[in-house]
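Please have the sequence and the model in view while reading.

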Amino acid sequence: THCTGWHSFVTEFILLGFSLSPRTTPLLFSAFLMIYLLIILGNGLIAILICLDSRLHTPMYFFIGILSMLDLGYTTTTVPQMLAHLASEKKTIPFTSCVAQMYIFLVLGITESWLFAIMSIDRYVAICHPLRYKVIMSPWLCGLMVIFCGLWGVTSALVYTVFAMHLPYCGPNRINHFFCEVPAVLKLACADTSVNDRVDFILGFSVILIPLSLILVIYFNIFIAILTIRSAQGQLKAFSTCASHITVVTMFSVPAMVMYMKPGSKSSPEEDKKLALFYNVISAFLNPIIYSLRNKDVKRAVLRVTGWGTAL
C-alpha cells in the first residue's frame, strides 16, 4: 500500500511487549511494579533531601538531584504503560501517543547522557582544583550547564522523532517492543530506512559518543591527578567518589550506544528489549543506591531532615 508522510494509514500501534507464557505475566507485573515504586521512592527521596538540606546545596548534589528528576521522568514515560499492557488484554497505543512517548523518552535520555559528562567535569574540578572549586563551579555555571543539556536533548530528540515519524506507516502495526522506541518503530515503516540509519548513527555520535569520550578523557586526567596524591587514604577517597559515577555511566551509555548506533537490519527484538530495560529501568533503579544511599552526606541529611539525628 502506498501512503505518504505524516498522513499514514496506521492510526494506532500494538505493543507486543515481552513474549511470555500467561503464567509468568503476573510475576513480571509484580516485579516491575515493585521496581517502579522503588524508583519513585529512591529518586524522589534524594530530590526532596537535596532541596530541604542546605548542606547538600553543592554542585555535585545539584547534578544528582537533576539526575533523579530525569530518572523519574523517563521511567514514568514508559513503565506505567508497560504495566497497564501487562495487566490487560488491550495493548494498543494511538499513533500520536506513540510519537509523544518517543519524543519525551528521547529528550530525557539525551539530556541525561550529557548530564553525565557535566558531572565528570564537576568531579575533575573538585579533585584537580579543590581550592578553586566553589569559584569555578558557581551556581550560575551549574545552571547554564544543565540548560545546555536540556536544549541539546530537546533539539536532538526532535530530529530523531521527525526523521522516524515522517516515514509512511501503512501497516503492519505491531511493534515488537514494550514502548515506542525509534529502532523498533522504524521496522514497521513501508519505506527505505537507510537514511534513518545514517541519521541515527550521526546523532549517536553527538548524544552518546561525544559525551562518553569527554568522560573518558576527563577520567584519564582525574586518575593521573589521584596518583599524585601522597596519602593512600586520600587516593582511596578520591577514587571512591569517581567509582560510583563510572558505574552509572557504563550501565547507561553502553546499552544505549549498542541500541542506537547499530543498523536496524542487525537488531534482534528480544535483545533490544533487554538493552532498553537496562538503560530505562535498571539504571534508574540503581542510580540512587550507587550515588547517594550509601553516601555519608545523604545519611546525615536524612537524620537532620527527619529530626532522628537530634533524637539519637
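Ile 136 is partly exposed, with a relative accessible area of 28%; here buried means under 20% relative accessible area, exposed means over 50%, and partly exposed lies in between (1.4 Å probe, protein chains only). The residue belongs to helix 4 (residues 133-136). Helices (H or I, at least four residues) and strands (E, at least two) are DSSP runs numbered from the N terminus. Not counting residues up to four places away in sequence, Ile 136 touches Val 125, His 129 and Leu 141, where contact means heavy atoms within 4.5 Å. Between Ile 136 and Gln 235 there are 23 Å in space, C-alpha to C-alpha, and the two are 99 residues apart in sequence.

## Basis of the model

The model is predicted: local features need pLDDT of at least 70, side-chain atom pairs count only at pLDDT 80 or more, and totals for chains, interfaces and linings use all residues. Residues are numbered from 1 along each chain as its sequence is written, and side-chain values use heavy atoms, with hydrogens and water left out.

Three strands make up an open sheet in the order 2-1-3, with mixed pairing. Strand 2 and strand 3 are the edge strands, each pairing on one side only. Two strands are taken to pair if DSSP finds at least two bridges between them. Strands of a sheet pair through backbone hydrogen bonds, either parallel or antiparallel. Strand 1 and strand 2 (residues 92-94) run antiparallel and are joined by three bridges. Within this pairing, Glu 12 stands opposite Pro 94, and Phe 13 has Ile 93 as its bridge partner. Strand 1 and strand 3 (residues 174-175) run parallel and are joined by two bridges; there, Ile 14 is partnered by Arg 174.

In a regular strand the side chains alternate between the two faces of the sheet. Helix 3 lies across strand 1, strand 2 and strand 3, and runs at about 85° to strand 2. Axes are lines fitted to C-alpha atoms, for helices over the stretch in contact, and angles run from 0 to 180 degrees between N-to-C directions.

## The disulfide and other cysteines

The structure holds one disulfide, a term that denotes a pair of cysteine sulfur atoms within 2.5 Å. Cys 98 and Cys 180 form this bond, with an S to S distance of 2.0 Å. The torsion about their S-S bond is about -115°, so the disulfide is left-handed. Cys 98 lies in helix 3 (residues 95-128) and Cys 180 in the loop between strand 3 and helix 6 (182-186), so the pair ties together parts that are 82 residues apart in sequence. Cys 98 is buried, at 0% relative accessible area, and Cys 180 is also buried, at 0%.

For Cys 149, the closest cysteine sulfur is that of Cys 142, at 11 Å, which is too far for a bond. Cys 149 is buried, with 1% relative accessibility, while Cys 190 is partly exposed at 34%.

Gln 101 is found in helix 3 and is buried, with a relative accessible area of 6%. Leaving aside neighbours within four places in sequence, Gln 101 is in contact with Thr 77, Thr 78, Gln 81, Ile 93, Phe 179 and Cys 180.

His 85 lies in helix 2 (residues 59-87) and is buried at 11% relative accessible area. A polar atom of the His 85 side chain lies 3.5 Å from the backbone oxygen of Thr 92. Not counting residues up to four places away in sequence, His 85 touches Leu 15, Lys 90, Lys 91 and Thr 92.

## Annotated regions

The unreviewed UniProt entry lists seven stretches under "transmembrane region", including residues 27-52 and 238-261; positions are given in the numbering used here, feature names are shortened, and annotations may be inferred rather than shown by experiment. Residues 27-52 are 100% helix and 0% strand, with end C-alpha atoms 37 Å apart. Residues 238-261 are likewise 100% helix and 0% strand, and their end C-alpha atoms are 33 Å apart.

Methods: A polar contact is a pair of N or O atoms within 3.5 Å; within protein, one must be able to donate a hydrogen and the other to accept it, and residues adjacent in sequence count only if both atoms are side-chain atoms.
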